[in-house]
Amino acid sequence: MNDERWLHLFNDYANSSFVDALRRHSPHLLPGAGPHPETPEVQAPHGTTVLAIRYRDGVIMAGDRQATAGYQVASRRIEKIFKSDDLSGVGIAGAAGPAMEMAKLFQTELEHYEKVEGDNLSLEGKANKLGQMIRMNLQAAMMGLAVVPIFAGFDEKAGVGRLFKYDITGGRYEETNYDSQGSGSKDARDSLKKLWKRDMPRDEALRVALEALIDAADEDVGTGGPDLVRGIYPTVKTITRSGFGEVTEEEVKRVCEAILAERTKTGNGG
């Protein structure tokens, strides 16, 4: 290989965008570039409900564990909340396969940028990068493989948690307090509207997030509620100044059981 060819490759990968490098050398690996279903009978698994809420120390992200394919349960244990970097995360809703691929590629994109530039992107910059990736998936979205995530993180400069939602074209919109995406999102948002309070402590924010997911599962057939028989509970993550953290399954189980016990006493599922 001649020197000019080596220099060309070096310049490609010295670019701060890993996605741009993929676009030039392996475009088939980009979101939305794979084969798409040609008939409506093809049912790809879809993730259902994810949410994010601001609280005193940052942001809590949570998601149910169910994926559906048409009217069937495709998976009862899917993970929908992914770490993007130390101070941000993404919750996936929509076509499960493309959504998980996008979440992993997004993580790689942020890692690549940090290594090349020697610094992290701002939270706004990360949100814009994810919007660009969603836009690349537009063709697949028009064929039924839409990916509509929630992105959240801790803004070190502002000292607060922030969250962003998207449409299928990659349009980015910041929400100030809370948001939800997926088939149960309307019911989750209705619950959050009633329960959310400014500057909630962590324990209260955790309870509010789980209440909203349980409310969504109560109304939406696609959203999976806590499964006490199989021991399956929602996934919950926190993003604070200290970084991206996980709420243990034991703590989530304890709060879910307390919520369900109270609703059993009142005889009201809502």
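Contact here means heavy atoms within 4.5 Å.

**Ground rules**

I am working on a predicted model, where local features need pLDDT of at least 70, side-chain atom pairs count only at pLDDT 80 or more, and totals for chains, interfaces and linings use all residues. Residues are numbered from 1 along each chain as its sequence is written, and side-chain values use heavy atoms, with hydrogens and water left out.

**Confidence**

I looked up pLDDT, the predictor's confidence in each residue, from 0 to 100. Its mean over the protein is 87, and 83% of the residues reach 70 or more. Residues 36-41 fall below 50, and this stretch has six contacts in the model beyond near neighbours in sequence.

**Overall picture**

I took helices (H or I, at least four residues) and strands (E, at least two) as DSSP runs, numbered from the N terminus. The protein has eight helices and 14 strands. I call a residue buried under 20% relative accessible area, exposed over 50%, and partly exposed in between (1.4 Å probe, protein chains only). On that scale 50% of the 270 residues count as buried. Among contacts with a separation of 6 or more, 64% join residues 24 or more positions apart. Accessible areas come from the Shrake-Rupley method with a 1.4 Å probe; for residues, only the protein chains shown count as cover. The protein exposes about 13,600 Å², and carbon and sulfur atoms supply 49% of that.

**The nonpolar cores**

I define a nonpolar core as a set of buried Ala, Val, Leu, Ile, Met, Phe, Trp, Tyr and Cys residues joined through side-chain atoms within 4.5 Å. The largest has 26 residues, and those with the most contacts inside it are Leu-51, Ile-53, Ile-60, Leu-210 and Val-236. Strand 2, strand 3, helix 6, helix 7 and helix 8 each supply at least two of its residues. Which element gives the most to this core? Helix 7 does, with nine residues.

I then picked Ile-60 and listed its contacts, leaving aside neighbours within four places in sequence. Ile-60 touches Leu-51, Ala-52, Ile-53, Tyr-55, Arg-202, Ala-205, Leu-206, Ala-209, Val-236, Lys-237 and Thr-238. A second, separate core has 20 residues, including Ile-92, Ala-103, Leu-121 and Met-133.

**Helix 7**

**Aromatic pairs**

I pair rings of Phe, Tyr and Trp (its six-membered ring) if their centres lie within 6.5 Å; planes under 30 degrees apart count as stacked, over 60 as edge-to-face and the rest as tilted. This gives three aromatic pairs. Phe-106 and Phe-151 form an edge-to-face pair, 5.7 Å centre to centre with 80° between the planes. The pair links distant parts of the chain, as Phe-106 sits in helix 3 (residues 96-117) and Phe-151 in strand 9 (residues 150-155), 45 residues apart. Both Phe-106 and Phe-151 are buried. Together with Phe-164 they form one aromatic cluster.

Is Lys-126 buried or exposed? I find it buried, because its relative accessibility is 5%.

**Loop residues**

Gly-159 lies in the loop between strand 9 and strand 10 (160-166). It is partly exposed, at 29% relative accessible area. Outside its sequence neighbours, Gly-159 is in contact with Phe-154 and Arg-241. The C-alpha atoms of Gly-159 and Arg-241 are separated by 7.6 Å, though the two are 82 residues apart along the chain.

Gly-224 is in the loop between helix 7 and strand 13. This glycine counts as buried because its relative accessible area is 13%. Beyond four places in sequence, Gly-224 is in contact with Asp-64, Gln-66 and Ala-217.

Asp-199 is in the loop between helix 6 and helix 7 and is exposed, at 53%. Most residues other than glycine have a negative phi. Asp-199 has a positive one, about 60°.
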